[in-house]
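Biologist: I am new to this structure and would like a close look at a single part of it. Please keep the answer plain and connected.

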Amino acid sequence: MRTHRRTVAALAATGVNAARELYQTVPSDTVRVAALVEISAAAAALARTVVKLRHLDPDLIAPHVSDRTDLRAVLGRGQWLPTMVRHVPAPTASPVDLDALVSTAVPARSIRRRIARRKTGAQLALFADGGEH
């Protein structure tokens, strides 16, 4: 699993480096935070779209990310907490062999959805006495 995390980190390195550069070069805190929010919102929306369209199980994604809490927050099944402020180290820019990544990709697993089945006529039996109170 460790090689997968390295691969994911290498793939994310360009985006993380761009965010770090923006953080270091924009003088206004307000504009800096607004730009970082735009970047993270776009990335999170793309991640949620892929999970939804491909029916991916978040538990299969979790071993590939550095912090499972971030995964749940990005996918909308968690929440950001004030304690979630942490240092993001500069990534190492190492080349990624995409052919090898595709050959070892985890297949999508569909998520079972619970279906509530309702009995018809169950409500009618409550008022079978003609409605007298």
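Modeller: Pro58 is found in helix 3. Before the details, note that this is a predicted model. The mean pLDDT of the chain is 75, and 57% of the residues reach 70 or more. Confidence is highest in helix 3, residues 58-61, at a mean of 90. Helix 5, residues 98-103, has the lowest confidence, at a mean of 56. Where pLDDT is low, the predicted coordinates should not be read in detail.

Now to Pro58 itself. With a relative accessible area of 7%, Pro58 falls under the 20% cut-off and is therefore buried. Leu71 lies 13 residues from Pro58 along the chain, and the C-alpha atoms of the two are separated by 7.7 Å.

Asp59 also belongs to helix 3. Its relative accessibility is 39%, so Asp59 counts as partly exposed. Side chains of opposite charge can pair when their charged atoms come close. Asp59 takes part in a salt bridge with Arg72, and the closest N and O atoms of this pair are 2.8 Å apart. The pair links distant parts of the chain, since Arg72 sits in helix 4 (residues 68-74) and Asp59 in helix 3, 13 residues apart. Arg72 has a relative accessibility of 24% and counts as partly exposed.

Asp59 has a salt bridge with Arg68 as well, at 3.3 Å from N to O. Arg68 is partly exposed, with a relative accessible area of 45%. Taken together, Asp59, Arg68 and Arg72 are linked in a network of salt bridges.

The structure holds 3 salt bridges. Besides the pairs already described, Asp29 forms a salt bridge with Arg32, where the closest N and O atoms are 3.3 Å apart. Asp29 and Arg32 are 3 residues apart in helix 2 (residues 29-54), so about one helical turn separates them. Asp29 counts as exposed, because its relative accessibility is 52%. Arg32, at 14% relative accessibility, counts as buried.

To return to helix 3: Pro58 is buried there, while Asp59 is partly exposed and bridges to Arg68 and to Arg72.

Notes:
Residues are numbered from 1 along each chain as its sequence is written. This is a predicted model: local features need pLDDT of at least 70, side-chain atom pairs count only at pLDDT 80 or more; totals for chains, interfaces and linings use all residues. Side-chain values use heavy atoms; hydrogens and water are left out. pLDDT is the predictor's confidence in each residue, from 0 to 100. Helices (H or I, at least four residues) and strands (E, at least two) are DSSP runs, numbered from the N terminus. A salt bridge is a side-chain nitrogen of Lys or Arg within 4 Å of a carboxyl oxygen of Asp or Glu. Buried means under 20% relative accessible area, exposed over 50%, partly exposed in between (1.4 Å probe, protein chains only).
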